[in-house]
Amino acid sequence: MAIIDLRDVSRVYHNGEHEQRALDHVDLTLEEGQFIVILGPSGAGKSTLLNLLGGLDSPTSGTITVDGKDISRLSRDEMSDYRAATVGFVFQSYNLIPTLTVQENVALVKEIAPHPLSSHEMIDVVGLSDHVHHFPSELSGGEQQRVSIARALAKNPKILLCDEPTGALDSETGVMVLKLLFAMARQRGKTVIVVTHNQAISKMADTVVRVKNGHIISCEHQDNPLTADEVEW
């Protein structure tokens, strides 16, 4: 079942007389409950695509349908409600609040999400139950990223949007984070979308979307994706 559908979507930025087409007449359909990798070099349009799906930006033209709702022309308040209810974000920079503990950082989403999950349960899911009273400065990079994943999961979103989630991590810690994200699709039915330039991660994907110069150059389904342990890093 399709959870995301883009039809003739463009995103154009203007800087004086200069026009930059970050996305150019893109069509894309993505299925629910999959681990999806959006692959491409820097400046290809990957992050623009992720921002549109996350409701952080709106298309210049075209329609974006997510979970049966056209989000292309939502008002600011409606878009805020969409972000709170439907999507969770995991960024390369962990975006944790330094003055709050792990528990407090994850529990923050209860203030915005309509159907949040237990923050304690999500912290346990990412393996950090022993760190609930620690502050971000007391955690490693991998632990901070796992807190950000717990926070995203606590919103109880249908879609997890991950922008270079392992980009600031060493390979061993990165594999640990990828295993966690992969499990969210397999065990919890989340649609997990990972934007990256790392070709190796694409071997884990159910669907690989390749982006170049603002265009979708391919969208391929993989019947037998590898696990993180099987990928050569």
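The lining of the largest pocket in this predicted model comprises 7 nonpolar, 3 polar and 4 charged residues. In total, 14 residues line this pocket, and those nearest its centre are Phe89, Val109, Ile112, Arg151 and Lys155. Two or more lining residues come from each of the elements α2 (76-86), β6 (87-91) and α5 (141-154). The space within the largest pocket amounts to about 330 Å³.

Helix α2, one of the elements that contribute to this lining, has Met79, Tyr82, Ala84 and Thr86 as buried residues. The packing partners of the buried residues of α2 are α1 (46-53), β4 (61-66), β6 and β7 (159-163).

Strands of a sheet pair through backbone hydrogen bonds, in either a parallel or an antiparallel arrangement. Between β1 (residues 2-15) and β4, which run antiparallel, there are 5 bridges. Opposite arginine 7 stands threonine 63 of β4.

Within helix α1 lies threonine 48. The relative accessibility of threonine 48 is 13%, and this residue therefore counts as buried, the cut-off being under 20%. When residues up to four places away in sequence are not counted, the contacts of threonine 48 are with Arg11, Tyr13, Ala22 and Leu23.

Two residues were examined for their backbone angles. Most residues other than glycine have a negative phi. Histidine 25, in strand β2, has a phi near 55°, which is positive although the residue is not glycine. With a relative accessible area of 46%, histidine 25 is partly exposed. A phi near 55°, again a positive value in a residue other than glycine, is found for aspartate 67. Aspartate 67 is located in the loop between β4 and β5. Its relative accessibility is 34%, so aspartate 67 counts as partly exposed.

Methods: Residues numbered from 1 in each chain as written. Predicted model: local features only at pLDDT ≥ 70, side-chain atom pairs only at ≥ 80, totals over all residues. Heavy atoms only, no water. 1 Å grid on protein atoms, 1.4 Å probe; cavity = no way out; pocket = protein on both sides within 12 Å on 5 of 7 lines; lining within 4 Å. Points joined across faces, edges and corners; volume = space filled by probe spheres on them. Helix = DSSP H or I, 4+ residues; strand = E, 2+ residues; numbered from the N terminus. Nonpolar A, V, L, I, M, F, W, Y, C, P; charged D, E, K, R; others polar. Buried < 20%, exposed > 50% of the residue type's maximum accessible area, 1.4 Å probe, protein only. Contact = heavy atoms within 4.5 Å. Pairing = 2+ DSSP bridges.
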